[in-house]
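Welcome to this short briefing.

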Amino acid sequence: MLPVPGLFEYRLPVTLITGFLGSGKTTLLNHLMRHLRDRRAAVFVNEFGAIDIDSQILVTVDEDLVALSNGCICCQIRDDFLMAFRRVLAYNQMQTSAGKRGLDAIFLETSGVADPYPLMLTFRATELWSLTRLDAILTVVDAETFTAEYFQSQAALAQIQHGDIILLNKTDLVDDEQLRSVETEIQRFKPQARILPMTYGQVPLSSVLDVDLYSEDMSTDSPSGVQHLQNDGFVAVPFESDRPFSLRKFQKFLDYQLPSEVFRAKGVLWFDESPHRHLFQLSGKRSQLQDEAWQDPPRNQLVCIGRNLDEEELQHQLHQCLAP
Ligand SMILES: [Zn+2]
């Protein structure tokens with residue numbers, strides 16, 4: 001039999017990480033990056049909001065990290081994404097031609113409101129299809145908050161339908177009964193779902209990387225589409241200030257003023273009372289602060305994501321939290 005041209009050519013594996021707002025995508029990505037050992041990966045992080053927070057939360061911030069913010073890569077900033085992706089591939093080609101160490105993998109983290117389907121089509125419709133191979137779509141699901149009714153989001157369901165592996169995260173926060181009920185719920189949308197429970201994004205790398213599980217689900221009853229942002233009605237409200245917050249006022253804002261329509265908030269916060277840089281994460285009703293040292297001059301950067309948010313009012317309330 002004659003060899004098929006190109007069959008044995010190496011194509012860079014791409015792992016697409018998707019999942020709803022606050023499900024733990026960046027935590028998973030951090031776990032993967034920490035345990036890559038001698039493998040090298042380029043990372044693309046897409047954020048829906050105007051301020052890029054995720055790349056500041058990621059452990060590996062170097063030349064291999066591309067942050068794409070201010071829009072959804074599947075429908076709003078597709079061209080920016082393609083351009084950035086081509087640049088990374090070209091650079092990698094240059095490196096390997098010069099006998100230098102090339103990439104072993106590419107990780108692509110979508111924003112929480114993205115639909116992976118149009119993104120898959122982007123790969124299919126361009127030269128990316130011959131230069132790379134989609135290894136798997138990993139969908140992170142928050143075991144504590146997930147129900148179809150709660151999210152009412154076309155994108156959230158599309159993420160599950162197109163996920164080759166469903167990573168059920170935060171299983172430490174639920175009991176066995178809740179865990180089974182979430183699994184049943186997931187199987188309602190994806191009957192043959194491959195579900196892996198995990199906590200803090202910790203999963204053996206061999207079970208999610210180089211698994212060659214990508215299967216094209218082109219079923220027509222998919223709720224996917226490029227209209228997902230309009231259909232879901234999500235908005236991202238940015239807030240920035242070079243003045244510190246008052247910790248007390250900010251806590252009060254969280255406890256009493258934060259609209260319940262905010263599904264997710266994340267930011268790098270500066271408090272008058274503290275010398276530290278605080279990574280702030282809010283998902284559903286849970287929030288957490290993580291202390292770090294400032295590398296850059298302190299400032300406040302925060303993004304709130306949700307439905308039907310009054311941008312002006314929210315920004316006004318946050319402004320009121322600033323220290324006098
Ligand atoms: Zn999109």
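**How the pieces pack**

The buried residues of H11 pack against strand S8 (234–241), helix H10 (247–257), strand S9 (262–269) and strand S12 (300–307). Do keep in mind that this is a predicted model.

- Helix H11 spans residues 311–320, and its buried residues are Leu314, Gln317 and Leu318.
- These three cover an arc of only 100° around the axis, so they sit on the same side of H11.
- As a reminder, an α-helix has 3.6 residues a turn, so residues three or four places apart point the same way.
- The axes of H10 and H11 come within 9 Å of each other, crossing at roughly 145°.
- On the H10 side, the contact is made by Lys249, Phe250, Phe253 and Gln257; on the H11 side, Leu314, Gln317, Leu318 and Gln320 meet them.

**The five-stranded sheet**

- Five strands form an open sheet with antiparallel pairing, in the order S8-S12-S9-S10-S11.
- Its edge strands are S8 and strand S11 (286–292), each of which pairs on one side only.
- From one strand to the next, the twist averages 10°.
- Strand S10 (residues 277–283) pairs with S11 in the antiparallel sense over seven bridges.
- Within S11, Glu292 is the residue that stands opposite Arg277.
- H10 packs on this sheet and touches S9, S10, S11 and S12, while its direction makes about 5° with that of S10.
- H11 lies across S8, S9 and S12, and runs at about 30° to S8.

**The seven-stranded sheet**

- The other sheet to look at is open too, with seven strands in the order S3-S2-S4-S1-S5-S6-S7 and parallel pairing.
- Strand S3 (65–68) and strand S7 (195–197) are the edge strands, each pairing on one side only.
- Neighbouring strands of this sheet are turned by 20° against each other on average, direction ignored.
- Strand S1 (residues 12–19) and strand S4 (residues 105–109) pair in the parallel sense over four bridges.
- Helix H7 (residues 154–161) lies across S1, strand S5 (132–142) and strand S6 (165–169), and runs at about 125° to S5.
- Helix H8 (residues 176–189) also packs on the sheet, where it touches S5, S6 and S7; the direction of H8 makes about 150° with that of S6.

**Thr126, a loop residue**

- Thr126 is found in the loop between helix H4 (116–125) and helix H5 (128–131).
- Is Thr126 buried or exposed? Its relative accessibility is 16%, and because buried means under 20%, Thr126 counts as buried.
- A polar atom of the Thr126 side chain lies 2.8 Å from the backbone oxygen of Thr122.
- Beyond its neighbours within four places in sequence, Thr126 is in contact with Arg78, Leu82 and Arg86.

Technical notes:
Residues numbered from 1 in each chain as written. Predicted model: local features only at pLDDT ≥ 70, side-chain atom pairs only at ≥ 80, totals over all residues. Heavy atoms only, no water. Helix = DSSP H or I, 4+ residues; strand = E, 2+ residues; numbered from the N terminus. Buried < 20%, exposed > 50% of the residue type's maximum accessible area, 1.4 Å probe, protein only. Polar contact = N/O pair within 3.5 Å; in protein donor to acceptor, adjacent residues only side chain to side chain. Contact = heavy atoms within 4.5 Å. Arc of directions from axis to C-beta. Axes fitted to C-alpha atoms, helices over the stretch in contact; angles between N-to-C directions. Pairing = 2+ DSSP bridges.
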